[in-house]
Amino acid sequence: MTGKSKRQHSASLQAARLTAGAFLLLIVVGALLLSLPISTHAEGSVPLLTGIFTATSAVCLTGLIVVDTATYWTPFGQAVILALIQIGGLGIMTLATLTGMLLVRKVSVRSRRLAKAESRPFQMGGARRTIIATVLLTIVCEAVIAAALTWRFFTRYGSPLGSSIWSGVFHSISAFNNAGFSLRSQNVVEYNNDWLLLSPLMIAVILGGLGFSVLVELVRRLQRRRRERVEGQRWARGRMSITSQMTLWGTGALLLIGFLVYLIAEWHGAFEGFSVGQKVLNALFGSVTARTAGFNAIDYAQVSDPTLLATNALMFIGGGSAGTAGGVKITTFVVLLAAMWTELIGEREVTLGHRRIPDGLVRQAMTVAGAGVLVVGASVIALRTLNPHIDGDRVTFEVFSAFGTVGLSTGITALLDAPSQIILCLLMYLGRIGPITLVAALAAKNSARHFHYPEERPLIG
């Protein structure tokens with residue numbers, strides 16, 4: 001490894017460690033704020049584990065709760081949760097870099113590397129513009145969705161204007177950041193027949209789940225097309241990055257698969273008694289939120305086993321990279337599928353979109369997915385051992401939801417004992433920063449032996 005490679009390796013590992021540490025610090029600060037008497041309606045102080053669990057869930061954009069957000073927390077406590085969601089969504093490293101840039105008008109190479117560990121822009125030289133675009137996109141998207149939700153709460157449900165604005169802002173930020181927190185005791189179950197309220201939530205979830213780099217690329221392409229149209233030029237379609245192609249096509253495919261599973265499996269199950277339009281709406285909403293967000297418009301304790309199994313898979317895959325989604329990410333899953341297809345057809349090189357995928361990247365995808373499987377598997381065994389009285393399918397669902405930072409639950413979160421809730425906290429933390437730090441560490445490694453061992457082919461399959 002050359003001196004330059006060693007320095008890059010050290011900087012990347014340091015960025016990964018600082019990212020993990022910053023999220024941990026944010027959780028501690030959030031837990032302390034939530035422990036204040038002003039944060040809760042309950043008498044006495046907030047139990048330590050309750051504050052830690054809620055702060056972890058908010059910072060890691062999960063949405064699992066052990067107390068009712070609507071009734072347990074005061075407006076101050078809810079505002080703390082909302083702030084944790086927003087900061088966690090943007091990424092503490094991105095915010096730190098942006099703050100330094102606004103104050104001193106200069107971003108050091110080290111700061112850009114720290115930002116890259118979380119936001120991962122296309123090029124190091126484009127970190128400044130990408131971070132600014134990320135913040136602007138977040139503000140614009142959340143403002144538009146908040147306005148739509150506020151209008152609906154005010155006109156359709158007769159909520160006071162102030163309450164409608166607060167609900168609109170809270171649910172907009174929660175949706176765009178794929179957090180799944182709600183100011184309603186039953187989440188959004190009471191709105192499961194309202195297209196005009198659930199649709200903005202779905203749009204926000206999808207946009208946030210695509211990833212900031214994909215959104216920035218889409219916005220830039222739209223701006224270029226508009227500019228060329230004004231100038232009378234013929235629009236040159238150009239080629240999207242392979243990351244955007246995988247994310248957009250993968251998102252569309254997973255949404256369709258999830259929609260069909262929910263619609264078919266729950267037609268005479270959880271959707272019994274719904275009109276056809278309501279069944280379609282809830283199947284679509286379930287597919288959208290299962291991958292990243294955690295809002296629920298139905299009671300997941302009543303869904304069928306096929307739906308739970310499909311939802312587990314969607315939660316594990318998650319959404320796009322460099323965004324607010326959880327899971328191992330769509331790009332990881334698509335690369336693994338491409339590698340499998342390459343072996344099946346006997347090709348030597350993994351290709352996607354007429355581009356060759358480096359072998360090292362395939363190994364990284366295998367490592368991230370494999371590590372996720374091991375963590376989830378060990379956690380299921382641990383929680384099942386600690387809670388033998390709870391159905392295994394529900395325990396497994398809870399673990400996948402925590403690791404994927406989704407937040408869906410069959411209602412067992414508050415029923416788990418303290419060790420189990422601590423395990424869920426660790427899962428949410430690992431699910432949020434694990435893939436980021438792991439990929440950063442793997443990408444930084446550049447060691448190579450100057451010799452080769454003799455080759456021997458073991459039996460496979």
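These legends accompany several close-up views of a predicted model. Local features need pLDDT of at least 70 and side-chain atom pairs count only at pLDDT 80 or more, while totals for chains, interfaces and linings use all residues. Residues are numbered from 1 along each chain as its sequence is written, and side-chain values use heavy atoms, with hydrogens and water left out.

**View 1. Helix H10 and its buried residues.** Helices here are DSSP runs (H or I, at least four residues), numbered from the N terminus. Helix H10 covers residues 212-230, and at 1.5 Å a residue its 19 residues should span 27 Å. The expected span is 1.5 Å times one less than the number of residues. The end C-alpha atoms of H10 are 27 Å apart, which agrees. Look for Phe 212, Ser 213, Val 214, Leu 215, Val 216, Glu 217, Arg 221 and Glu 228, which are buried. Buried means under 20% relative accessible area, exposed over 50%, and partly exposed in between (1.4 Å probe, protein chains only).

**View 2. A nonpolar surface patch with residues from helix H1.** Leu 25, Val 29, Leu 33, Leu 36, Ile 38 and Phe 76 make a patch of about 490 Å². Patch members have over 30% relative accessible area and no salt bridge; nonpolar side chains (Val, Leu, Ile, Met, Phe, Trp, Tyr) are joined within 5 Å, like charges within 9 Å. Areas come from the Shrake-Rupley method with a 1.4 Å probe, and for residues only the protein chains shown count as cover. Helix H1 (residues 3-34) gives the largest share, three residues. Leu 36 sits in the loop between H1 and helix H2 (48-59) and is partly exposed, at 35% relative accessible area.

**View 3. The salt bridge between Asp 194 and Arg 152.** A salt bridge is a side-chain nitrogen of Lys or Arg within 4 Å of a carboxyl oxygen of Asp or Glu, and the count comes to one. Its closest N and O atoms are 3.1 Å apart. The pair links distant parts of the chain, 42 residues apart: Asp 194 is in the loop between helix H8 (161-176) and helix H9 (195-210), and Arg 152 is in helix H7 (residues 127-156). Both Asp 194 and Arg 152 are buried.

**View 4. Aromatic rings, with Tyr 262 and Tyr 300 as a pair.** Rings of Phe, Tyr and Trp (its six-membered ring) pair if their centres lie within 6.5 Å; planes under 30 degrees apart count as stacked, over 60 as edge-to-face and the rest as tilted. The whole structure holds nine aromatic pairs. In one of them, the rings of Tyr 262 and Tyr 300 have centres 6.5 Å apart and planes at 75 degrees, so the pair is edge-to-face. Tyr 262 belongs to helix H11 (residues 242-265), and Tyr 300 to the loop between helix H12 (276-291) and helix H13 (305-317). Both tyrosines, Tyr 262 and Tyr 300, are buried. Elsewhere, ring pairs link Phe 153, Tyr 157 and Tyr 191 into a cluster.

View 5. Most residues other than glycine have a negative phi. Asn 187 counts as buried at 12% relative accessibility, and Lys 329 counts as buried at 11%.

Definitions and conventions. Helices (H or I, at least four residues) and strands (E, at least two) are DSSP runs, numbered from the N terminus.
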